[in-house]
Amino acid sequence: DQFLAEKKASRGWPRVRELLKKIARYKAVPCGLAVDGRTCCYIKKEAKLESNAGDDKPKDDAQQLTVEHIITGARQYVFTLSGPVDCAAITNDGRHIILARGMIMRVHMDGELKYETRKAHKAAICDLKLSEDEKLLATGADDAMARVWRIS
């Protein structure tokens, strides 16, 4: 039974390789993989153009986050981020995405900002991990501290 379960789980790996090639073609950065390995999110930078008397200059760099199911290849949603991201975590269903930049942690649900914590740590957050039941989030930071958050 364990062999069959491992074989069934490995069917997604060719899709992961294919998705990584696609992400590279988009010039995007993979930033989160769900605990079950079936949903991922990636970020793509897009320069917004501002017309100034015929002179097109990039106004600012907007980042779009895309949530995609690895096995089926279906995009769940795409939304524009308000700023850069250092690390991310995503739930198995792709509905909750936790993003960190510096000491700020943001939780998005279905592409909308649900809540934000400005000083989650005393130093920059460098890692986010969800528990298998997706009720707890562990954060690690440069302040040598690990914290556990209840997100459900």
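These exercises work through a predicted model.

**Exercise 1. Is G32 buried or exposed, and which residues does G32 touch?**

Step 1. Find G32 in the chain: the residue lies in strand β1, residues 28-33.
Step 2. Check its relative accessible area, which is 13%. Buried means under 20%, so G32 is buried.
Step 3. List the contacts beyond four places in sequence: T39, C40, C41, A88 and I90.
Step 4. Look along the chain to A89, 57 residues apart from G32. Their C-alpha atoms are separated by 5.1 Å.

**Exercise 2. In what order do the four strands of the open sheet run?**

Step 1. Read the order: β5-β6-β7-β8, with antiparallel pairing.
Step 2. Pick out the edges. β5 (87-90) and β8 (112-117) each pair on one side only.
Step 3. Zoom in on one pair. β6 (residues 96-101) and β7 (residues 104-109) are joined over six bridges. I97 has H108 in β7 as its bridge partner.

**Exercise 3. Which parts does the salt bridge between D110 and R95 tie together?**

Step 1. Take the distance: the closest N and O atoms are 2.9 Å apart. The cut-off is within 4 Å.
Step 2. D110 sits in the loop between β7 and β8, and R95 in the loop between β5 and β6, so the pair ties together parts 15 residues apart in sequence.
Step 3. D110 is partly exposed at 38% relative accessibility. R95 is partly exposed too, at 35%.

Definitions and conventions. Residues numbered from 1 in each chain as written. Predicted model: local features only at pLDDT ≥ 70, side-chain atom pairs only at ≥ 80, totals over all residues. Heavy atoms only, no water. Helix = DSSP H or I, 4+ residues; strand = E, 2+ residues; numbered from the N terminus. Buried < 20%, exposed > 50% of the residue type's maximum accessible area, 1.4 Å probe, protein only. Contact = heavy atoms within 4.5 Å. Pairing = 2+ DSSP bridges. Salt bridge = Lys/Arg side-chain N within 4 Å of Asp/Glu carboxyl O.
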